[in-house]
Amino acid sequence: MTRDRAALILRLCAIACAVLVFALGRGGAERAGLAVAAAQEAKPFDQQQKLAELNNQIEGRAHQPAEQVFKNIQTLKGMPAARLPVIMNAYTRALGVACSHCHAVDQWEKDDKPAKQAARDMMRMVASINNDHIKNMKTVVEGAAVSCSTCHRGQAHPDSRLPEAKTK
């Protein structure tokens, strides 16, 4: 991938993230989730334990579609149920957060937190960039793709500022 193409992709991601943050009213969205977050902070959250519980819960149904095993699946329909916890865990690493950032713990299906809808919107954005844009760029290396980590890099909110240009 050329340096110009990589810069274009980064700019597209930064613009898309900035638009989404503006549309959500980032500060308002965060305040709206504070009450739920405060209730969950009362007890320590053990992500590995919760992932183990989810894996036990789907035992014997791991190959069924996620929407048949879990409630309120909207964007990851059709994938095997066993893949869902793996993907969710990858999202937590990409954003540097815990499951409780988007979910009400032990009530995973609830849509109480604005971050959960933001994640769904971001998944659609990433799919659009990969399927509608990058895939159709003739000068991009086959298999090139963006992911949550492309913009977030371990941070809950991506930095919309571009890095300084490197000089030779």
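These notebook entries record what I looked up in this predicted model.

**Entry 1: ground rules**

I number residues from 1 along each chain as its sequence is written, and my side-chain values use heavy atoms, with hydrogens and water left out. Since the model is predicted, local features need pLDDT of at least 70 and side-chain atom pairs count only at pLDDT 80 or more, while totals for chains, interfaces and linings use all residues.

**Entry 2: confidence**

I looked up pLDDT, the predictor's confidence in each residue, from 0 to 100. The chain has an average of 83, and 74% of the residues score at least 70. Helices here are DSSP runs (H or I, at least four residues), numbered from the N terminus.

**Entry 3: helix H6**

I followed helix H6 over its 13 residues, 83-95. From first C-alpha to last, H6 reaches 19 Å, close to the 18 Å expected; the expected span is 1.5 Å times one less than the number of residues. I then listed the buried residues (under 20% relative accessible area; exposed is over 50%, partly exposed in between; 1.4 Å probe, protein chains only). In H6 they are Leu 84, Pro 85, Ile 87, Asn 89, Thr 92, Ala 94 and Leu 95. What do these buried residues of H6 pack against? They pack against helix H4 (47-57), helix H5 (66-69) and helix H8 (148-152), where contact means heavy atoms within 4.5 Å. Just after H6, Gly 96 takes a positive phi of about 65°.

**Entry 4: His 152**

I turned to helix H8, where His 152 lies. His 152 counts as buried because its relative accessible area is 8%. Apart from residues up to four places away in sequence, His 152 touches Ala 94, Leu 95, Met 122, His 157 and Pro 158.

**Entry 5: salt bridges**

I looked for salt bridges (a side-chain nitrogen of Lys or Arg within 4 Å of a carboxyl oxygen of Asp or Glu). How many does the structure hold? The structure holds six.

- Glu 53 pairs with Lys 50, the closest N and O atoms being 3.4 Å apart. Both lie in helix H4, three residues apart, about one turn of the helix. Glu 53 is partly exposed at 33%, whereas Lys 50 is buried at 13%. Lys 50, Glu 53 and Asp 106 are linked in a network of salt bridges.
- Lys 116 pairs with Asp 111, with the closest N and O atoms 3.4 Å apart. Lys 116 is buried at 8%, whereas Asp 111 is partly exposed at 42%.
- Asp 121 pairs with Arg 124, the closest N and O atoms being 2.7 Å apart. Both sit in helix H7 (residues 114-133), three residues apart, so about one helical turn separates them. Asp 121 is partly exposed at 23%, and Arg 124 is partly exposed at 43%.

I note the general rule: an α-helix has 3.6 residues a turn, so residues three or four places apart point the same way.

**Entry 6: cysteines**

I searched for disulfides (pairs of cysteine sulfur atoms within 2.5 Å) and recorded zero. Cys 148 is in no disulfide, and the nearest cysteine sulfur, that of Cys 151, is 9.1 Å away. Cys 148 is partly exposed at 21%, while Cys 151 is buried at 16%.

Key. Helices (H or I, at least four residues) and strands (E, at least two) are DSSP runs, numbered from the N terminus.
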